[in-house]
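Here are my notes for a colleague opening this entry for the first time. Please read them with the model on screen.

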Amino acid sequence: MPEFKNMYNRQRKWTFYLLSIYVLGWGFTSYQTIFLGLILGTFCSYFALWHMFFRIKRFDKAISQGKKPLSFGSISRLATAGVAAAIALKYPEYFNIFSMTLGLMTSYVVIMIDYLFQSFHVHK
């Protein structure tokens, strides 16, 4: 489990780096709706990543105690995406729906890139 916590911490760090870049883009460019959509989507994506980490910790604890584990919470992650989409659709003058969708995929892209970096790092 410690290696999973390290992986989560790396992914959290990179997600916050991206969020800070998006905030700078929102503040210093004329593409506020695009960057607000990215911020909204990435924030919801980070929440899903955090929720998945929390559920995996509970899953590991249940397995180690010999109990039946619960699910990983796919419904709550889908609901988070639904809320983000509803916000972006309700306020299209502030949020770009396409960039919000890209932001929702941020944590999955960060997970894949982290996996690639770690697999190349381990094989050296």
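1. Start with a charged pair. D114 forms a salt bridge with R10, and their closest N and O atoms are 2.8 Å apart. The pair links distant parts of the chain: D114 sits in helix 5 and R10 in helix 1 (residues 2–28), 104 residues apart. A salt bridge here is a side-chain nitrogen of Lys or Arg within 4 Å of a carboxyl oxygen of Asp or Glu. The structure holds one salt bridge. In general, side chains of opposite charge can pair when their charged atoms come close.

2. A word on the source. This is a predicted model: local features need pLDDT of at least 70, side-chain atom pairs count only at pLDDT 80 or more, and totals for chains, interfaces and linings use all residues. Residues are numbered from 1 along each chain as its sequence is written, and side-chain values use heavy atoms, with hydrogens and water left out.

3. Are the two partners buried or exposed? D114 is buried, with a relative accessible area of 6%. R10 is partly exposed, at 24%. Buried means under 20% relative accessible area, exposed over 50%, and partly exposed in between (1.4 Å probe, protein chains only). Buried residues make up 30% of the 124 residues in the protein.

4. Now the overall layout. The protein has five helices and zero strands. Helices (H or I, at least four residues) and strands (E, at least two) are DSSP runs, numbered from the N terminus. The C-alpha trace spans about 55 × 40 × 15 Å along its principal axes.

5. Look next at helix 2 (residues 32–64) and helix 3 (residues 74–90). Their axes come within 10 Å and cross at roughly 170°. That makes helix 2 roughly antiparallel to helix 3, a label for angles over 145 degrees. Axes are lines fitted to C-alpha atoms, for helices over the stretch in contact, and angles run from 0 to 180 degrees between N-to-C directions.

6. Finally, the surface. L89, I97, F98, L102, M105, Y108, V109, M112, I113 and F117 form a nonpolar patch with about 1,000 Å² of accessible area together. Such a patch joins nonpolar side chains (Val, Leu, Ile, Met, Phe, Trp, Tyr) within 5 Å, from residues with over 30% relative accessible area and no salt bridge. Areas come from the Shrake-Rupley method with a 1.4 Å probe; for residues, only the protein chains shown count as cover. Helix 4 (97–104) and helix 5 (106–122) each supply at least two patch residues. Helix 5 gives the most, with five. F117 is found in helix 5. F117 is exposed, with a relative accessible area of 57%.

Technical notes:
Patch = residues over 30% accessible without salt bridge, like charges linked within 9 Å, V, L, I, M, F, W, Y side chains within 5 Å. Parallel < 35°, antiparallel > 145°, perpendicular 65-115°, else oblique.
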